[in-house]
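Hi everyone, thanks for making time.

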Amino acid sequence: NLTIKKGVLRINNNAAATSRNLLIKGLTTVDLGAKFTVGTGDATHNVEFQSDVINNGTIDFANNTQYACPGGANTGVVKVTFTGAKNNTLTCNGPTDFYRMFVDKGTDATYILSVLSTNTSYFRLFGPISGGGCIDPSDGPEGWERLALVVYNGTLKLGSNIIIPRLGENRAGTVCNEFSIPATARLWINGATVATSNAGGGWRGFTLYGTLQVSAGSFTNPGNTGGITYYGNVATPGRLIFTGGNIYTTQLKRADANGRLAYIQTGGNFYITALSDSRGSSAVFALPDAEDVFEVSGGLIQINAINTTATNGIHLLCQEGNYNVTGGTFEILLPTLGAAGQPEFEINSTVPFYNLSLTESANPSSQTLLLQDDLTILNDLTIGANTVLDADGKILEIGGDFIFEDYIRNRRKRVH
């Protein structure tokens, strides 16, 4: 165990350029008024925590400007790694500034590092999120391995009063160059406010191989980013588990034929709020393979954007046995953003919807919702004022109420 009761424990001095390594196997406690810091000597040091960390004072492991590369005078920094095949907690009751933070617990997503904070300014990351500078010799080859926050194994659970405004913005390296969760890891948003970037551009979204779980708080990909992307993971499908809170993104995108995903929602709001920078890969909400999974019992999926593929809106082709729908609502805002080049918002789904609602938006242009195949609505269908649904001769089955405020068009077949 390490307890800092008074004064300052400092790694390195203010002149030496030699890296230091510190392993703490037991509990680390920084008492009120005490400090755990790093000297300003130009070096990158390593601290490994194998148990809980309770900071009631100050931990300051970054002398650099936030997101800027250290180097030269007055820029000593510390890379922090949390390891160990057990659940642990980082408690931030005082300022906790890390240069870079790695989670590498166990060999899969079982073991959890919970980060708790009592103030929104008490947990901050200062390491690089873009460009090709300050690559550490120990870094992996892919861009996401060179970011300020890296989750290799285990689960990182982020509680309330935690704000991470920028996770990754086209960090140099081999693909993938944005923030990513590998197959052996999970990012769990449990009250935190987390965004991949504060502006649009390439490699500023989120690539999902493992698990993204949101139970409270929010997770955001800004407009003109790739949104939530999955690809090349047919052997180990990713998972998006959504029980509460909000997700704001540009699309749920399959980027290649080998992408697989399980989408599980019991609550919360999934908002597609802006156009992406990669509209030609898949539908804007895409689970287009029979092996994909769609389980929804509650919550909202609201879509205000469209892509440019053959099915540009909702594409759900999960096979029987891979879907279970007992609640939840799809709400389509018509016309969506991007409607000028896509006058029809297309749905092709083997999966039934529970509720489907068409709502008039304030976007320019006009747009019709078009069915590309038969569709079953288990509960209510609402066609709001100034919106149009064209069944195009397909069978539309409605199990609950048909709330009809404007226009439905069908040719040859039936609505029942």
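I'll start with the overall picture and then go through a few spots along the chain.

Before that, some housekeeping: this is a predicted model, where local features need pLDDT of at least 70, side-chain atom pairs count only at pLDDT 80 or more, and totals for chains, interfaces and linings use all residues. Residues are numbered from 1 along each chain as its sequence is written, and side-chain values use heavy atoms, with hydrogens and water left out.

OK, the whole chain. There are zero helices here and 41 strands. Those come from DSSP runs numbered from the N terminus, with helices being H or I of at least four residues and strands being E of at least two. The radius of gyration is 24 Å, close to the 22 Å that the globule rule gives for 416 residues, so the chain is as compact as a globular protein of that length. That radius is taken over C-alpha atoms, and the globule rule is 2.2 Å times the number of residues to the power 0.38. Along its principal axes, the C-alpha trace spans about 80 × 40 × 35 Å.

How much of the chain is buried? Buried residues make up 56% of the 416. By buried I mean under 20% relative accessible area; exposed is over 50%, and partly exposed is in between, with a 1.4 Å probe and protein chains only. As for contacts, meaning heavy atoms within 4.5 Å, take those between residues at least 6 apart in sequence: 75% of them join residues at least 24 apart.

Now the rings. Rings of Phe, Tyr and Trp (its six-membered ring) pair if their centres lie within 6.5 Å; planes under 30 degrees apart count as stacked, over 60 as edge-to-face and the rest as tilted. That gives 20 aromatic pairs. One of them is Tyr-263 with Phe-285, edge-to-face, at 5.3 Å centre to centre and 75 degrees between the planes. This pair links distant parts of the chain, with Tyr-263 in strand E27 (residues 261–265) and Phe-285 in strand E29 (residues 285–287), 22 residues apart. Tyr-263 counts as buried because its relative accessibility is 0%, and Phe-285 is buried at 0% too. Phe-285 also pairs edge-to-face with Phe-294, at 6.4 Å centre to centre and 90 degrees between the planes. Phe-294 is buried as well, with a relative accessible area of 2%.

Elsewhere, ring pairs link Phe-36, Phe-49, Phe-61, Phe-82, Phe-98 and Phe-123 into a cluster.

Where is Ser-282? In the loop between strand E28 (269–272) and E29. Ser-282 is buried, with a relative accessible area of 7%. A polar atom of its side chain lies 3.3 Å from the backbone nitrogen of Arg-254. Not counting residues up to four places away in sequence, Ser-282 touches Leu-252, Lys-253, Arg-254, Asn-307, Thr-309 and Thr-311.

On to charges. Side chains of opposite charge can pair when their charged atoms come close. A salt bridge here is a side-chain nitrogen of Lys or Arg within 4 Å of a carboxyl oxygen of Asp or Glu, and the count comes to eleven. Asp-139 and Arg-100 form one, with the closest N and O atoms 2.9 Å apart. They link distant parts of the chain: Asp-139 is in the loop between strand E15 (130–131) and strand E16 (149–158), while Arg-100 is in strand E12 (residues 100–104), 39 residues apart. Asp-139 is buried at 13% relative accessible area, and Arg-100 is buried at 1%.

Another salt bridge joins Arg-204 and Glu-169, with the closest N and O atoms 3.6 Å apart. Arg-204 lies in the loop between strand E20 (185–195) and strand E21 (206–208) and Glu-169 in strand E18 (residues 169–171), so the pair ties together parts that are 35 residues apart in sequence. Both Arg-204 and Glu-169 are buried. Salt bridges that share partners also join Lys-79, Arg-100, Asp-136 and Asp-139 into one network.

Last stop: Leu-358, in strand E34 (residues 355–360). At 1% relative accessibility, Leu-358 is buried. Leaving aside neighbours within four places in sequence, its contacts include Ile-332, Leu-334, Leu-369 and Leu-389. The C-alpha atoms of Leu-358 and Leu-389 are 8.2 Å apart, although the two residues are 31 apart along the chain.

Technical notes. Polar contact = N/O pair within 3.5 Å; in protein donor to acceptor, adjacent residues only side chain to side chain.
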